[in-house]
Amino acid sequence: MGAIWDQFVSLFTNVLLLIYNFLGHGGNAFGVSIILFTMLIRGITWPLNAQQLKGAKAMQDLQNDKEWQDIQKKYAKDREKLAQEQMRIYKDRGINPFASCLPTLIQFPIIIGLYQSIIRALAASPLGLLQLARSVYQVSWLSPFLNIATLIPLNSRFLWMDLGRPEGIPFPGGFTLSFLPYGFPTLAIIVALTTYLQTKLTMPPSTNPGDQTAAMNSMMSIYMPLFLGWLVLNYASGLAVYFVTSNVLGIVQYAMMGRVNWRNVLPGGGKPAPAKKK
Amino acid sequence: MKRFALISLVLLGGILLSACSAAAQSISWPGLSADANHAYLAKGQFVYAVRLSDGSKVWQYPASGGSQVFDASPVLTPDGQLLAGSAGSDNGLYSIDPATGKDKWSAPFTGPDHWIASPLVLQNTIYAPNNNGTLYALNLATGGKRWSLPLGHSLWGTPATDGKLIFVPSLDHFLYAVDPQAQKIAWKADLGGAAAGSPVVSADGKTVYVSSSAKKLFALDTTTGSIQWTANTTDWVWNAPALSGDTLFASDISGNVYSIGAVNGKNAWPVVQPDGPVTGSPLAIQNGVAVATESGFVYAFDPHGASLWNIGVGGNIYTSPVASGNLILVAPLNADFMLAGVSNDGKQILWKFTGK
């Protein structure tokens with residue numbers, strides 16, 4: 001399993017290095033590589049994201065459905081019967097309750113693989129550099145583009161960041177805060193904001209006060225930005241570049257699909273549509 | 001159920017990313033040096049002094065773990081100090097009393113970045129290459145900064161000297177010759193690839209040998225930096241070759257071992273390939289050369305490349321083996337011990353040091 005995962009990370013590393021090579025190794029090239037690579041990943045997982053959105057929308061619609069709400073009340077004390085009825089409705093309506101989870105499951109290894117490939121490519125230690133040297137594909141037709149001698153060392157600078165380290169803009173006058181050792185966490189705030197925006201903008205409205213999906217979405221819209229912001233505070237800023245790019249592209253994708261709910265980000269917005277009857 | 005699954009996923013992601021973050025720290029293979037009676041092992045949060053007679057611990061520095069991460073080989077100085085650079089967030093270069101394990105300077109010298117390379121001591125000055133690409137010249141007695149010189153990208157290789165110039169390899173593909181009197185670069189030579197390991201200077205001081213990721217070994221004139229010869233290797237010779245008389249023993253990360261003429265750059269051996277990649281420098285021994293492989297073995301070859309002996313030590317060996325007395329010291333990674341004392345005839349492991 002470890003060897004397969006290593007191959008997966010190596011694949012990501014080689015793609016990143018190929019893009020970096022095509023960009024000419026210059027200043028900001030690795031940051032731009034991460035952005036382009038994220039766009040590539042987003043492009044590949046576009047159908048999955050669309051499926052996730054459709055699945056989430058179907059589940060949300062179901063929460064507002066009269067028949068669904070009725071069986072919740074009717075079988076509130078009989079969980080087994082409730083589960084049977086829910087399965088029947090899923091089947092009748094052609095809804096896969098896991099359709100919205102599967103793409104998330106698939107994206108997690110991609111996020112972790114990308115993070116590991118960024119760290120591997122930046123090779124902050126001799127052991128890391130050795131691992132990088134071995135990860136680079138030794139294929140003759142790729143050798144003009146993936147030559148370890150010319151690729152190393154990678155330029156890890158991107159805008160004001162060192163992509164191999166957590167981001168922070170030093171406080172003026174040498175001021176320090178122990179809980180913000182890298183300075184003012186600009187990127188962590190941007191990641192948290194764009195994650196919040198993405199979650200809010202793509203959250204369908206709900207009429208049902210007992211709607212579990214809506215309650216979970218609401219909870220996730222708070223916890224996910226905080227969690228990702230915390231990650232960015234503590235881990236290599238290359239990951240933050242991925243998060244910001246991915247969030248922005250996510251919003252763009254949802255907007256292109258006509259699913260963005262701009263009212264959700266306005267105070268008091270996101271008023272629910274009336275419950276529909278089957 | 002779905003809520004539980006999502007929260008679990010987020011937590012799992014956090015845990016996995018936390019595991020990955022180890023790579024973000026400068027965690028690498030251990031550093032090792034020795035005198036006649038003790039081995040000095042830099043590993044993780046501590047530097048250990050180990051008695052060579054029985055493999056027991058004499059002291060560890062610091063007494064309890066802090067923010068230090070010691071990877072670079074500790075350096076014994078002529079005036080009785082042990083210098084150890086940290087690749088941890090403290091960025092400290094420490095002077096330790098090798099007899100007691102206590103600090104010798106009033107405070108460590110704090111660099112702007114990690115210390116991955118070991119420093120070089122010449123007369124009463126320490127020349128310490130930092131990961132930020134700057135060479136620092138420090139007062140040997142106090143650790144105070146005398147001057148500094150920005151060179152290039154990260155400096156990971158321990159400098160070498162001919163007594164006049166300081167030769168500093170860099171990941172930016174250059175070998176820099178620094179004139180310590182003028183405090184400037186005397187010359188620099190393009191190696192066509194990153195130089196992560198150390199150079200070595202010939203006994204007469206006229207030639208400096210260094211390798212790079214371009215899969216080449218170079219012999220350069222120490223005065224001018226002009227290339228005397230270039231030897232192609234199958235893969236990257238990571239660390240300094242071992243100079244023994246007129247022969248350079250070198251090894252690469254594909255596991256090939258070479259015997260290269262120091263004068264003409266010709267490899268005298270057929271394919272000699274023990275069972276794994278070699279990152280450490282070969283060790284010249286009385287009747288040939290020994291190399292330690294990633295597969296956890298030490299192999300010895302005679303001057304013609306014929307096998308003398310081999311011994312399985314365990315773990316993955318990336319650190320250069322060190323000889324002292326009748327021992328070959330080996331510091332593996334990923335083993336249930338930190339250091340092994342192998343008899344120099346390769347017949348047995350005399351002791352293992354576990355850190356306790």
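**Entry 1: the β14–β15 hairpin of chain B**

I began with the hairpin of β14(B) and β15(B) in this predicted model, where 4 residues lie between the strands and H173(B) takes a positive phi near 85°.

I then followed β15(B) to its other partner in my notes, strand β16 (residues 184–190) of chain B, to which 6 bridges join it in an antiparallel arrangement. Here Y176(B) is set opposite K188(B) of β16(B), and the hairpin has 4 residues between its strands, with Q183(B) in the turn at a positive phi of about 60°.

**Entry 2: conventions**

I noted that residues are numbered from 1 along each chain as its sequence is written, and that chains are lettered from A and ligands numbered from 1 in the order in which they are written. In this predicted model local features need pLDDT of at least 70 and side-chain atom pairs count only at pLDDT 80 or more, while totals for chains, interfaces and linings use all residues; side-chain values use heavy atoms, with hydrogens and water left out.

**Entry 3: strand β25 of chain B**

How many residues of strand β25 are buried? I found that 5 of the 5 residues in β25 (residues 288–292) of chain B are buried, so the strand is mostly covered, where buried means under 20% relative accessible area, exposed over 50% and partly exposed in between, with a 1.4 Å probe and protein chains only.

On one side of the sequence, β24 (residues 283–285) of chain B pairs with β25(B) in the antiparallel sense over 3 bridges, I285(B) stands opposite G288(B), and the hairpin has 2 residues between the strands. With β26 (residues 297–301) of chain B, β25(B) forms an antiparallel pair over 4 bridges, in which A292(B) is opposite V298(B). The hairpin of β25(B) and β26(B) has 4 residues between the strands, and G296(B) there takes a positive phi near 95°.

**Entry 4: backbone exceptions**

I kept in mind that most residues other than glycine have a negative phi, and that most peptide bonds are trans. Q123(B), not a glycine, has a positive phi of about 55°; I placed this residue in the loop between β9 (120–122) and β10 (125–129) of chain B, and at 64% relative accessibility Q123(B) counts as exposed. K215(B), also not a glycine, has a positive phi of about 65° and belongs to the loop between β18 (207–212) and β19 (216–221) of chain B, where its 25% relative accessibility makes it partly exposed.

I also looked up cis peptide bonds, and recorded one from Y61(B) to P62(B) with omega near -10°, P62(B) being in the loop between β4 (57–61) and β5 (75–76) of chain B. In chain A, a cis bond joins I152(A) and P153(A) with omega of about 0°, and P153(A) lies in the loop between α8 (148–151) and β1 (157–158).

**Entry 5: a glutamine in chain A**

Is Q198(A) buried or exposed? I found Q198(A) in helix α9 (residues 186–201) of chain A, and with a relative accessible area of 12% it is buried. Leaving out residues up to four places away in sequence, Q198(A) touches R42(A), N247(A), G250(A), I251(A) and Y254(A), contact meaning heavy atoms within 4.5 Å.

Chain B has 1 helix and 31 strands. Its radius of gyration is 21 Å, close to the 21 Å that the globule rule gives for 356 residues, so chain B is as compact as a globular protein of that length; the radius is taken over C-alpha atoms, and the rule is 2.2 Å times the number of residues to the power 0.38. Of the 356 residues of chain B, 60% count as buried, and among its contacts between residues at least 6 apart in sequence, 37% join residues at least 24 apart.

For chain A I noted 11 helices and 2 strands. Of its 278 residues, 50% count as buried, and among contacts between residues at least 6 apart in sequence, 73% join residues at least 24 apart.

Definitions and conventions:
Pairing = 2+ DSSP bridges.
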